[in-house]
Amino acid sequence: MDYKETCEYLFNSAPLFQNVGQNAYKEGLYNTHELDKYFNHPHQSFKTIHVAGTNGKGSCSHTLAAILQSAGYRVGLFTSPHLIDFRERIRVNGEMIPEQNVIDFVEKHRGFFEPLHPSFFEITTAMAFDYFREAKVDVAVIEVGLGGRLDCTNIITPEVSIITNISFDHVALLGDTLEKIAYEKAGIIKDGVPVVIGEFLPETYPVFDEVAIKHNAKLCYAQDDEKIARYRFNSNGTITYMTDDYGKIVGALRGDCQIWNTNTILNVLPLLKEKGFNITDKAVRKGFHDVCSLTGLMGRWQKINDKPHVVCDTGHNIGGFGYIAEQLKRSVALVKKKGATLRIVFGMVNDKDISGVLALLPTLATYYFCQASVKRALPHEDIKEKAKTNGLIGQSFPTVAEAYEKALADSTEDDIIYVGGSSFVVADLLTYLKK
């Protein structure tokens, strides 16, 4: 098989969450332990940092990886989902796993994992850990796929655990209350391993306390330990933070949510230093400033074009859109001053709270509803009809590319175009633009 055929094999032979949703989720860690034994426990060959949470996992994971790279460490990074290329999920010092490694892994080991019937994510996690051992990484930043307690990344014993926040997402699998979801996320807390909680709520605070006490784990609530004295949004989209520990930090990642993510990361760093990591102030500043170039991160309020101003963002649930909605309100105010228009290219998948998200979106915008190229994507006509009940008016298109091109054609130089609603909408956009 060549690389394209190998990816098609992975996508089609194992249950893939982005296509079939919760049917791809395999509860329990039996397959994970069997794969781990077969590969002779590769995760024990390097240090790890474990990152869970409803939103912000990707930004925190990539930024921590960038900081550690800047400090001179050889860093593995395992994240999901990918936007353009499967190999985005598995990186060492920002470089994607080579195509040949993916091909060789599948051809060499398919005889073992085919009778096991693992999920796509279980195979991918095993591939990542095996590759990180082969690449001799010093440390790997591991992002949880879904939940925490029963996620197949949860066989690691990290140096530090991080839970960014808790909000409603994947309720059919993780529970229909914040307490239940917090319990699943708190499943990554290990005996004696310090844990940083980025944001907490009255419902989640006692859950984290209880689990941390049970595991004798040092618990740090970043929300109660503000490391940022003040911040400002810059005209080029970056954010400048004034901090007590590192002075001025310029963060490349855009968006309101990055304030919380940055404070979470700044609370993690002292714990890593206690664990023996040599992280200089210069490395911290460089990691924040160069995170995208160092790690390949995409889709976080990412600027696509100048005139009109086009951004895309992978936020896809109520928690994420709480921040995005505020940014869109500012965009409305900005275009009104110029007599311009906010245009929103929008699509979602079928296991999200679309009514809740639509209620957060601005009515003073022109909409281009679309359908991502995954089986879980909501039909564009259905989104258009649901949106009408919230006063959101626009056209619908069968693909992201058609919706985007129409928005672009309708725009003046002063307009703003936002593309989002789902990681898969952003993935389709970036794939289309790359062609």
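**Reading a predicted model, feature by feature**

Q: His117 sits in the loop between H5 and helix H6 (120-134). What is the phi of His117 near?

A: The model is a predicted one. Phi of His117 is near 55°, a positive value, and the residue is not glycine.

Q: Is His117 buried or exposed?

A: A residue is called exposed when its relative accessible area is over 50%. His117 has 54%, so His117 is exposed.

Q: Where is His109 found?

A: His109 belongs to helix H5, which covers residues 99-116. The cut-off for burial is under 20% relative accessible area. His109 has 10% relative accessibility and therefore counts as buried.

Q: Which side chain makes a polar contact with the side chain of His109?

A: A polar contact needs a pair of N or O atoms within 3.5 Å. Here the partner is the side chain of Tyr38, at 2.9 Å. If residues up to four places away in sequence are not counted, His109 touches Tyr38 and Phe39.

Q: Which helix holds Tyr3, and is Tyr3 buried or exposed?

A: Tyr3 is in helix H1, residues 3-13. Its relative accessible area is 12%, so Tyr3 is buried.

Q: Which residues is Tyr3 in contact with, leaving aside neighbours within four places in sequence?

A: The contacts are Asp85, Phe86, Arg87, Glu99, Val102 and Ile103.

Q: How many residues apart in sequence are Tyr3 and Leu378, and how many Å apart in space?

A: The two are 375 residues apart in sequence. From C-alpha to C-alpha, Tyr3 and Leu378 are 30 Å apart.

Q: Which peptide bond from Ser80 is cis?

A: To read this feature, look at omega. The bond from Ser80 to Pro81 is cis, and its omega is near -5°. Pro81 is in the loop between strand S2 (75-78) and strand S3 (90-92).

Q: Which peptide bond has omega near 0°?

A: The bond from Lys307 to Pro308 does, and this bond is cis. Pro308 is in the loop that runs between strand S12 (302-305) and strand S13 (309-313).

Q: How many helices and strands does the protein chain have?

A: There are 17 helices and 17 strands in the protein chain.

Q: What radius of gyration does the protein chain have, and what would a compact globule have?

A: The idea is to compare the chain with a value set by its length. A compact globule of 435 residues would have a radius of gyration near 22 Å, and the protein chain has 21 Å, so the two agree. Along the principal axes, the C-alpha atoms fill a box of roughly 60 × 50 × 40 Å.

Q: What share of the residues in the protein chain do buried residues make up?

A: Buried residues account for 59% of the 435.

Q: Among contacts between residues at least 6 apart in sequence, what percentage join residues at least 24 apart?

A: In the protein chain, 73% of those contacts do.

Q: How many positive and negative side chains are there?

A: The protein chain has 47 positive and 53 negative side chains. The centres of the two sets are 4 Å apart.

Methods. Residues are numbered from 1 along each chain as its sequence is written. This is a predicted model: local features need pLDDT of at least 70, side-chain atom pairs count only at pLDDT 80 or more; totals for chains, interfaces and linings use all residues. Side-chain values use heavy atoms; hydrogens and water are left out. Helices (H or I, at least four residues) and strands (E, at least two) are DSSP runs, numbered from the N terminus. The radius of gyration is taken over C-alpha atoms; the globule rule is 2.2 Å times the number of residues to the power 0.38. Buried means under 20% relative accessible area, exposed over 50%, partly exposed in between (1.4 Å probe, protein chains only). Contact means heavy atoms within 4.5 Å. Lys and Arg count as positive and Asp and Glu as negative; His and the chain ends are not counted. The place of a charge is taken as NZ of Lys, CZ of Arg, CG of Asp or CD of Glu. A polar contact is a pair of N or O atoms within 3.5 Å; within protein, one must be able to donate a hydrogen and the other to accept it, and residues adjacent in sequence count only if both atoms are side-chain atoms.
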